[in-house]
Every structure is written in C-alpha cells, then in structure tokens.
Amino acid sequence: MTTRRPYIIAISLLAVLDIAAGFWYFANHVNADGHSGGLLWDNGADSEAVMADTLASAVANNRFEPVTDRVACYTSAFTLPAGDGKGAPYTCIKQVKLRMPKAVNGSTELGELRQAIADKAFNRTGESLGKAVNAFVEAAEFNLGGNSDYVQSPSVTTRSVVGREHRVKAFPYSTSERLLQYEVYGYVYDGYRRSERAGFVLYDRARHRVLGMADVFRPTESGRLLKLINSRIAKVARKKGQTLNAASAIAAEFMVEPKGISMVYAEGAIASPESGVSYVFLPYSELDLCLTDEFKRLLAGDCGYHRYKPIKF
C-alpha cells in the first residue's frame, strides 16, 4: 500500500490534531498504481470501504456503469540513440478507466454530473464523453517533439524504460445522504519523471446539481480563506521543518470530507514538484465564516458517509 507523500501527510496530521485530542486523520493518496488506503474517522463509519456497484445501504441509492477501460499502445519509428535501451523504439501508452454514474437517488437524468466529470478528466469543456475519450486515446504522444511517424501496436514491452504513459481514471470517491463526490486522477510518465493531477466533482444528490466553489465558499470571504490556508501551511512548515511555499491563490479543486474540506493544490504549487499533488485540510470549525449558508444547512442535515474503493489501472 502506498501513502500520500510526506508534505501531504504532515498537513493532514496537523489539521486533525487541532480538531480534538485523540482523533487522528490518516490520508492516503491514490497513486498511479491504483492503491489507496482508507480515511479513518472517530465514529468508525468508514472503517470498511465499499465497492461502488455493491453498496447495499439505502443511504447511497447510486448505480454506476461498469468500468470503461480503453488502452492504446503506439510505437514510434524513432529509436533510442544510446544507453541500455539503444535501438528500442520510443513508445506511448494511453489509458482511460472510468466508472460513470448511471443513477443517483433513482434518477438517471445525470447529464450535468457526467459532463462535469468528462470536462475534468479530459480538459475538453462541453465535448461529449465518447468523443473526449476517443480524442484522448487516439492521440499518440512521445517524449520527443514533432514526431508523427508511428504505428499502433497490440502491446509494448519497453514502456518502463523508454515509454511515455498518459493515464486517466475517474471513480466515485465518497457518498452520503446529500453528497456524491467523484475523483478524477491522471498522471503522465515521460521517461524520466512522473507528473500527476487530481480533481473532484461534488454533486448534491437531493437537488441533482453539481456544486462549484461559489456554492460552498462565500466569495466575499476569499481573503479570509486564503489566510486560513496559508496559516495551515506555515504551521506545518514550522512544526516539521519542511520547505513549503505560501499559496498565492485559493486552490481550484477541493474535496469535502466528514470533518472538513481539503484544498487540493497542483504539484509544485505549495511544495516541491516531486511531492506531487498537495492536500491542505481545514476543519469545519475554522471554515464557518467562509462557508455559504446553503452549504452549512446541507452539512447540518447530512449523514451516512461512505468511502468507495478506487478503481485501479
């Protein structure tokens, strides 16, 4: 099992220590190998993650389409000029793995939710899911510029050394009485380093609408929210002796959890690029003045939190 990288662990641990003595927050990152650990809460409700298609609880009356797995392997006409792989072709692997929503609270009218997931997965706003998947998988990428001379191959055995891999997956992350949350995760390995990104789509199950930043956070309190984020980052840096950067802006992505909200920063934004995506956890007790009245009412009536098992590459 792999864990979140050191900066992320430190930020999460310090946040929960501020909530209450004895309650520990353990966060794990969904890495490229698809492994993830659980989130352990004080009431033990999330001690066992459940598969998306087998959740029996009436709390989560959701249904999901089976995993869509598209893989394409491309081999370039160019070969490595030197090193252990000399003479081996440059390669590219494109993969998409999706578990898409089919019904939420009995409703199959989920166009807004499916579109939001597709937009974040492929950065092709407004394009249909099928077209977005095809455009992604059918575009060969190589770690050398200007190369269009390639063939599609049934399999590639040299990808770990000379290949470029670009993979995207989307899956239900959590559910409760009121909220369904999706995670979109992608990574690129270009032959010498891996980069990653993570995004989240938050859906109001009762009102059947996607919730954005303005639905959760008061726009008038953006300055206060940024100060809270940077205060948390500074505390971690002092306590752990780590080199962290102050956030210059509020993160574009956020993740709602039972005890608070994690602000999701792209790699390199507040820590070194090697640290990957960074999650800054803020408890609801600190966020009260920053949250909209509507979202606070939603939280007050929410319960039955469950984590799903992530799909794997």
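This is a predicted model: local features need pLDDT of at least 70, side-chain atom pairs count only at pLDDT 80 or more; totals for chains, interfaces and linings use all residues.

Visitor: Why is Thr125 called exposed?

Guide: Exposed means over 50% relative accessible area. Thr125 has 72% relative accessibility, so the residue counts as exposed. Thr125 sits in the loop between H2 and H3.

Visitor: What makes Lys120 and Glu253 a salt bridge?

Guide: The cut-off is 4 Å between a side-chain nitrogen of Lys or Arg and a carboxyl oxygen of Asp or Glu. The closest N and O atoms of Lys120 and Glu253 are 2.7 Å apart, so the pair qualifies. Lys120 belongs to helix H2 and Glu253 to strand S10, 133 residues apart, so this pair links distant parts of the chain.

Visitor: Are Lys120 and Glu253 labelled buried or partly exposed, and why?

Guide: Buried means under 20%, and partly exposed lies between that and 50%. Glu253, at 17%, is therefore buried. Lys120, at 26%, is therefore partly exposed.

Visitor: How do you know that Arg114 forms a salt bridge with Glu65?

Guide: The closest N and O atoms of Arg114 and Glu65 are 3.4 Å apart, which is within 4 Å, so the label applies. This pair also links distant parts of the chain: Arg114 is in helix H2, while Glu65 is in the loop between S1 and S2, 49 residues away. Arg114 has a relative accessible area of 25% and is therefore partly exposed. Glu65, with 28%, is partly exposed too.

Visitor: How many salt bridges does the whole structure hold?

Guide: The search finds 17. Among them is the pair of Glu221 and Arg224, with closest N and O atoms 2.8 Å apart. Arg207, Arg209, Asp215 and Glu294 are linked in a network of salt bridges.

Visitor: How do you know that the span of H2 is close to the expected one?

Guide: H2 has 12 residues, and 1.5 Å a residue gives an expected 16 Å. The first and last C-alpha atoms of H2 are 16 Å apart, close to that value. Just after H2, Asn123 takes a positive phi of about 55°.

How values were computed. Residues are numbered from 1 along each chain as its sequence is written. Side-chain values use heavy atoms; hydrogens and water are left out. Helices (H or I, at least four residues) and strands (E, at least two) are DSSP runs, numbered from the N terminus. The expected span of a helix is 1.5 Å times one less than its number of residues. Buried means under 20% relative accessible area, exposed over 50%, partly exposed in between (1.4 Å probe, protein chains only).
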